[in-house]
Amino acid sequence: MNAVTGSEAPPPGHRAPAADGADGDGTDVPRPALLRYALGSAGMGVYVTVPGLLLLYFLTDTLGVTPWLAGLALLLPKAVDIVLHPFVGSLSDRERARRGTRLRLLAAGCALAPAFVALFAVPGPVADHPWAAAIWVAGWFVVANALFAAYQVPYLATPTDMTVGYHGRTRVLSFRMVVLTVGILVGGALAPLLAGEGDSVIRYAVMALVLGAFMVVFQIVGIGGVRDLLPTEPRREAPGGPESERTAHGSALAQVRDVLRANPSFRVLVLAYLLVSTTTHLVLAGLPYYARHELGRPGFTTVLMAAFVAPALLTTPLWFRLSRGWGKQRCLLLCQAFFIAGALGLAAGDVAGIALPLLCTLLLGVSFAGLQLFPFSMVPDTVRSAGTSEIERTGAYTGVWTATESTGAAAGPYLYSAALALGGYAAARAGEDVTQTGAAHTAILLGFTVLPALLMAAALAVQSRYRLDARMTRTTGP
């Protein structure tokens, strides 16, 4: 076993790949199967976008929930994910070891759509009481996040389960990133249009119903892609027998501790991505407030969201090509630096006209493409570089990774809601018109610009400590 490549025998139906240190660029992977796999991300793109973009605004400006309580309603359910995602990861490893596939968990995750609809379909008697509405949203958020984990964790284990090399994993994830962008665009553009200006719970429920149907269709397509890329392996005993398997898969928190302790490269990547995820989800949560209160254009949320996401359709292939010469680490650091510049540029508001916020958002979008592509393609690098024993618990790694992403998805809106609360932002019920104070406007602006710039600067500082990529690029070459 090569400790650098982490190579292993290919699953049935796949020819042996080049070692990670050779040309293993994944070009032998059938494109139709790869496309079907990537299409599963379209549905996931909707789920990771719409709650992050609209749920905080839905709570404060439609249900009348105060910012501090709305932030808690989004944060506390995500705290469950710290344990839930690693548990699902270990469960998927058991499925893979015993049945040769992770498909049962993926199928269970297709129940996400009804929970997504329930998240926004708050009954009238509940919506009349802000505390009750917050509890309703928080409860369904827990359910939806659990079903999301059931799909996302085994789904993201696929690139590590595949026998492709350093550049090949980036290629697989670049397909996913392009399709994920389409899902984010669909969710980010259609959700504000269907929900209107937050003046009706019914409109939010209709929005969730339409996008929920979109989600489940592409989830099912994605399962077919996983099945084609990873044919079922014969059932096998875990090394050392059943007792060893039980020992290898301890409690969820023990799995978090073990993978972080065993893999320093993964540990650095996780910490940096926690800051990146927090930053990007903070920006998503702040978009509706920035468009309405700082630009004076509530309907401009859709335009800014499109500017934030659409560049990924063009720049993801370009980032992939650039990474073949520069390596993933250098490209990722560049993306983080671009993001800082774009966030600070938004602080000017519409003083110089609407063109400047639009251009700065486009710069954030160019950065966002790489911020998603490179960390996700570096996770399999860290797992495979650690050897066979770590490859056997790929699901535990992806569980920790998706828990990190989920934590950032909660921390970002919570930090923004805290900024709003400190500024005295006044919540409103559907149809109410509330005038915000100068302090609230300051909180809206600084929380959307300076705060994410500081968070991304911290992410850049942590990411600069990542050393594995330099070793792997020396081995693989351009």
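The expected span of a helix is 1.5 Å times one less than its number of residues. In this predicted model, helix α15, residues 328-345, can be judged by that rule: its 18 residues reach 26 Å from the first C-alpha to the last, close to the 26 Å expected. The protein chain as a whole contains 21 helices and zero strands.

**Overall chain**
- The protein chain has 478 residues, of which 59% are buried.
- Of the contacts between residues at least 6 apart in sequence, 85% connect residues at least 24 apart.

**Helix α15 and residue Q336**
- The buried residues of α15 are K328, Q329, C331, L332, C335, Q336, F339, I340, G342 and A343.
- Q336, which lies in α15, has a relative accessible area of 0%; this residue is classed as buried because the value falls under the 20% cut-off.
- When neighbours within four places in sequence are left aside, Q336 is in contact with V276, L371, M456, A459, L460 and Q463.

**Helix α20**
- Helix α20 comprises residues 450-463, and its 14 residues should span 20 Å at 1.5 Å a residue.
- The end C-alpha atoms of α20 are 20 Å apart, in agreement with that expectation.
- Buried positions in α20 are P452, A453, L455, M456, A459, V462 and Q463.
- The elements covering these buried residues include α12 (264-294), α15, α16 (355-385), α18 (394-422) and α19 (438-448).
- M456, A459 and Q463 are buried in α20, and each of these residues is also among the contacts of Q336.

**Pairing of α1 with α6**
- Helix α1 (residues 31-61) packs against helix α6 (residues 130-156) at an angle of about 160°, and their axes lie 12 Å apart.
- The two helices are therefore roughly antiparallel, because angles over 145 degrees are counted in that class.
- The crossing of α1 past α6 is left-handed.
- On the α1 side, the contact is made by Y37, A38, G40, S41, M44, Y47, V48, P51, L55, F58 and L59.
- On the α6 side, the contributing residues are A134, V137, F141, A144, N145, F148, Y151, Q152, Y155 and L156.
- By residue class, the contact of α1 with α6 comprises 17 nonpolar residues, four polar residues and no charged residues.

Note on methods
Residues numbered from 1 in each chain as written. Predicted model: local features only at pLDDT ≥ 70, side-chain atom pairs only at ≥ 80, totals over all residues. Heavy atoms only, no water. Helix = DSSP H or I, 4+ residues; strand = E, 2+ residues; numbered from the N terminus. Buried < 20%, exposed > 50% of the residue type's maximum accessible area, 1.4 Å probe, protein only. Axes fitted to C-alpha atoms, helices over the stretch in contact; angles between N-to-C directions. Parallel < 35°, antiparallel > 145°, perpendicular 65-115°, else oblique. Left-handed = near helix turned anticlockwise from the far one by under 90°. Contact = heavy atoms within 4.5 Å. Nonpolar A, V, L, I, M, F, W, Y, C, P; charged D, E, K, R; others polar.
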